[in-house]
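Colleague: Please take one part of this model and go through it closely. I would like its packing and its neighbours in a single connected account.

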Amino acid sequence: MLEQINLLREKGQNELKSLTSTDQLPDWYHQYLGRKGDLTSFLKQLGTLSAEERPAVGKIINEVKQEFQQSFDLRQETLRESKLHEELEIDDLDVTLPGRPCTTGHLHLTTQTLRRIYQIFQEMGFQVYEAPEVETDEYNFQLLNIPEYHPARDMWDTFWVDDEVVLRTHTSPGQIWAMREYYPDPIRVILPGKCYRYEQITPRSEHQFYQVEGLTIGKNIRLTDLIGVMTEFAHKMYGEDRKVRIRGSYFPFTEPSIEIDMSCSCKDKADSGSGGCRLCKYTGWLEVAGAGMVHPVVLRNGGYDPEEWSGFAFGMGVERPALLKHNIDDIRYFYGNDLRFLQQF
Ligand SMILES: [Zn+2]
């Protein structure tokens, strides 16, 4: 019987080694280790042996059983691993396929335009000065030479918070803040920010919009300095080939006051009468900014003696240059939150 067990031991191990797939494992297990398998039948035959033989044979059967179990576990693991490798090779993963793109955001068109404006004025030595968006009647109007009942107030439809407090209608109150902070030093700042007007929303006007105000205060500052700075700005912002035109105007806080226009890209056609474009209403000229020499009353309100000091100020929209640059025909897109619009810039 010992001989038979040893033969089984050898046969079982050899067969186990010859198995090539995990599918064949259960059959082998049933045959050698199962409840009706060969080893079990040997165990059952133990009773037929003599009492002297029985312990030794029983011991051998148990050894073989343990041995088979260990070999089986090992073989099972090996076959599973090689199966996994095969599957990986079949379902080949193509790492060269492009992945799903991550959508990256970018700056809003208004912010991009603002930063371009900052950059141009920075190169000319201007600092950015931030002033409050919520203002008093005093700062928004009175100190800028627009007293109560002054007809110029009709130019601004205002969001009143209460009798004294307003959402600023323009960035000009920042002039007073800057002057009172920097006095008695010379000043060269731009004052960017949001402004609010109680206005009908149309393709050309929003009730909320950005402005950039500029202010310089110093000794012997003249109108020609203002024109030089604005010409430089128009060239940098829109191109060196732009011509600049100055028109007389009126603002309560500047004297004299001017409007700065620059030539539209359609100017030659508009001049010859053979065309033009909707942006400039076929005139060949586009408004860039309102400006002027700081009014003596405003200088005094800021703490500067107009006998000694002079300065210029200008103000421009931010959405409008962006409209011009990208041929956008409706200002309402800027705050519409429509990604199809925003993603274009
Ligand atoms: Zn034009």
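**A helix contact and a strand**

Modeller: Helix 5 (residues 109-123) packs against helix 11 (residues 319-326) at an angle of about 100 degrees, their axes 9 Å apart (lines fitted to C-alpha atoms over the stretch in contact, with angles from 0 to 180 degrees between N-to-C directions). Helix 5 is therefore roughly perpendicular to helix 11 (65 to 115 degrees). Leu109, Thr110 and Thr113 of helix 5 meet Glu319, Pro321 and Ala322 of helix 11 (C-beta atoms, placed from the backbone, within 7 Å). The model is predicted: local features need pLDDT of at least 70 and side-chain atom pairs 80 or more, while totals for chains, interfaces and linings use all residues. Numbering starts from 1 along each chain as its sequence is written.

Now the strand. Helices (H or I, at least four residues) and strands (E, at least two) are DSSP runs numbered from the N terminus. Strand 9 covers residues 310-317, and eight of its eight residues are buried, so the strand is largely enclosed by the rest of the structure (buried: 20 or more other C-beta atoms, placed from the backbone, within 10 Å of the residue's own). Ser310, Phe312, Phe314 and Met316 point one way, Gly311, Ala313, Gly315 and Gly317 the other, and all are buried.

Strand 9 pairs (at least two DSSP bridges) with strand 5 (residues 208-218), running antiparallel over eight bridges. In this pairing Thr216 stands opposite Phe312. Strand 8 (residues 285-294) is also an antiparallel partner of strand 9, joined by four bridges. There, Gly290 stands opposite Gly315.

Notes
Buried ≥ 20, exposed ≤ 12 C-beta atoms within 10 Å, placed from the backbone. Parallel < 35°, antiparallel > 145°, perpendicular 65-115°, else oblique. Contact = placed C-beta atoms within 7 Å.
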